[in-house]
Amino acid sequence: MQRTIIRELERLLGSSGVLSSPEDLLLYEYDGSVEEAGPDAIVFPRRKQDVVEIVKLANRYDLSIVGRGAGTGLSGGALAREGGIVLAFSRMNHILEIDAENQRAVVEPGVVNLDLSRAAEKYGLYFAPDPSSQKSCTIGGNVSENSGGPHTLAYGVTSNHVTGLEVVMPDAKVIRLGGRAMETPGYDLTGLMIGSEGTFALVTEVTVRLLRLPEDVRTLLAIYDSLGDATDSVVDITARGIIPAACEMLDGWTLRAVEAYVHAGFPLDSAAVLLMEVEGVREAAETQADEIIEVCRRHNAREVRRARDARERALLWKGRKEAFGAVGRVSPSYYVLDGVIPRTKLTPTLLRIEEIAKRYGFVIGNIFHAGDGNLHPLILFDHRDRDQFRRARAAGAEIMQLCVEMGGTLTGEHGVGMEKNELMPLMFTETDLDLMRKVRAAFNPVGRLNPGKVLPLGKGCGETRLQPFPQSAGGNA
Amino acid sequence: MSQVAESLASRLAELVGAGRVHTGPKSLAAYEVDGRRPSAALLPSSVAEVAEILCFASAERLAVIPIGGRTHLHIGMPPHRYDLALDVSALNRVLAYEPHDLTLGVEPGITYAELDRNLREKGQFLPLAPPFAERATLGGIVAAAADTPVRYAHGTAKDLLLGAEFVTGEGVISKSGGRVVKNVTGYDLHKLLIGSLGTLAVITRLNFRTFPLPPLQRMFVATFADPLGAMAFCRAIMQSPLQPRVVDVLNPRAAGLFAAYSGGNLGRDSWLAVVEAAGHEKVLERHARDLASMSREAQAAEFIALDEDQREHLFGCLCEFSPIAFGATSAATVFRIAALPSALPALLEETRKLAARHALDCAILIRALGVVYLALLPPANPEAYPELVNCSRELMTLCVTSGVAPMIERCPLEIKNALDIWPPPGTEQEITQRLKHVFDPHRILAPGRFRGGI
């Protein structure tokens, strides 16, 4: 990047607010996905006005900007696909207010998801979306990706918990969408902005709804000798009118990998486990737990365990939340997919995934939010082998196509990013995509924000008008 | 019929068939919006026909208002232009219903009551019960952002709509979202349609998530001498582990209207807090126990559990608040004000003073501790209008200056002629206008009805 631009950025943010050395740039070539793309500089604003000035500068030099939270995203959303500036929100990490009486919090985008729930805990409140990465992912990232998590089955995803946003538009104007109240007259721009993957505007403040911590939580682990029995249980639980707070499944291969690492007590010879949670007032949690146990037994569960205390509960959840880490121990790389199917189609879909695994010669583990049909197949491969990487991508695309065929969608919570933008035509017609392009252009007319994401490339999109990146004078690019 | 009108009618007949074009004054009277009557009403029988109508209207620059059950047409400013009523009531099928997946796809013209009957057969429901359930259509409920007493537990259309298909002002059929309960693929354009009053697109399909019917439900009423007691009771509920599905509060005037409506005698001179719980018997007993003790602490005069008939009745009244107020006087002016729980006591006190100053009666329903429906009830004669206009204007200003977002959901045309029913637009106005231009570049969809003159 031109030295003059770096110097200008440093003047704005101080020298500690800008990274541009090759080693630093390398670190920002990755996020939680299998994608790679490098920026030309990383900047760390501390306040809204910094963001405004960075956007103005980017406009002057015709640079693209990619917002980034903790970089835990799984679809390449925070990668600078066309170079330019990565705007990392990690220093805008203040909880500005917890309004316990009204069950709201106002936060900067870089606040870590779990930190917010921890801060709210003393008021008996928490922030419901709980992605597996909640120890590090940020609220701003959650807003961009419309993140979910295990407990979204009962409580919904990020968009159900955000009432207002402050954003910096690509023309550097600051606007407010929504507010603190339950609703605002006018179009639901907050709802539109959430999940727009950083392609509309840069979020500088988020107002969220906090929920009251439940009085009682019952965590159950059902163990099965057949995957089909486990999926049938899921369907039957819903048919009985029970919506658990969470309903997670691990298949045999995955639970063995997890058990070796976490020692959560999953029996190594089982074909599947269901991790379920019901919560609420004591009487409701109790009755629902009993009903769930009955359903699981009827579907041949070998055993149904109840977590006896908080420690056992935490251990069971550790098995779920650290599953990806466990898989990382047994394979050089893995590719986490994210697709949704109607929950009644779980069994046939899993069989087809097994077929695909055999055909490509990969191990594919399955760990997923069974309650809402949100699958996370894990394709194990070695990224050093380019052919394996290519085949892993192909197998992934085939599984995505399968999800759509089953009546589902391409992503339930990880976003489209640069992983699936070329798969969008599986779900949407060219006219659907064209309207989405126009909506994006209404916010982001020259494609300066997060170019190359969400929508397929190569047709009529604003970002193709973006000028090539100015060549480096200082040797950093 | 003039020659121009005749030629228009025959061209429209080519689009949807002569039997589905109405041009007679009698039929058109039913499609009036704020006293404006369209030149024709069309009843398309397919999405393709909706698209053709909008292509035609766009080319001819004819203003179109999408119409469902005509139960919420009072919302919005008077349209600047109005040539065609696009009545979607013939598009009324359930397109997909998967009870085990808790998902549903419907055409916009199906009525809530009809859909509810379908869902109940499978032990499920869609938590969007609107006023006039027998006539209100799902398309209309979404476009009007109608809410329901159970929003305390289930939210609104924003929380329930999974995806939609719609036709833009240029006649382009488009869709967003999906049909499964969890999905983040692509931009959520369907969110924009909620509460848009038909100003962006004509809805042709809506996908929702459904919910299992609770095994049992019970409604409790606590009565209070003043609003502070009722508010304290509700805040205690909010801060408790209880999970009721309805928490609504009525002022004495509203309670009186409901009593008159139902022939019942629920605390005519009291503030009522209405709470409904759902679940198994043990859960209901727990709610009964805890609510009774909370009501005592909040100095309730009475705390009672309603029987099933009373429950159904009161639930119906809560749904129908706005029409009931309108039934009391055709000049009823109903504000919908979103406010935080902590702001409610001051807002209630200020509005009480304001109404008293203008010598106007006012019925109040506070829904889910977050949305205040406030009905000013003047006598239904034109002499009352100047006072009504003044009071409405002051209330609008009061809300805006205290940072809450009001709108007038229903009022006589005279009020709309004197003041904007929407709050002044904020910093989002520019992007709002650009989005309108993307969906409807020729401004043919319900022009002028929306916030900011859109």
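Of the 454 residues in chain B, 62% are buried, meaning under 20% relative accessible area with a 1.4 Å probe and protein chains only as cover. Before I go on, this is a predicted model, in which local features need pLDDT of at least 70, side-chain atom pairs count only at pLDDT 80 or more, and totals for chains, interfaces and linings use all residues. Residues are numbered from 1 along each chain as its sequence is written, chains are lettered from A and ligands numbered from 1 in the order in which they are written, and side-chain values use heavy atoms, without hydrogens and water.

Now the overall fold. Chain B holds 17 helices and 19 strands; these are DSSP runs, H or I of at least four residues for helices and E of at least two for strands. The C-alpha trace spans about 70 × 55 × 45 Å along its principal axes. Its radius of gyration is 22 Å, which agrees with a compact globule, because one of 454 residues would come out near 22 Å. That radius is taken over C-alpha atoms, and the globule rule is 2.2 Å times the number of residues to the power 0.38.

Next, the partner chain. How many residues does each chain bring to the contact? Chain B gives 73 and chain A gives 87, where contact means heavy atoms within 4.5 Å. The two chains bury about 6,400 Å² between them, 60% of it from carbon and sulfur atoms. Buried area is the accessible area, with a 1.4 Å probe, that two parts lose on being put together, summed over both. B:Lys182, B:Val184 and B:Tyr187 supply 15% of what chain B buries against chain A, more than any other three residues.

Terms used: Buried < 20%, exposed > 50% of the residue type's maximum accessible area, 1.4 Å probe, protein only.
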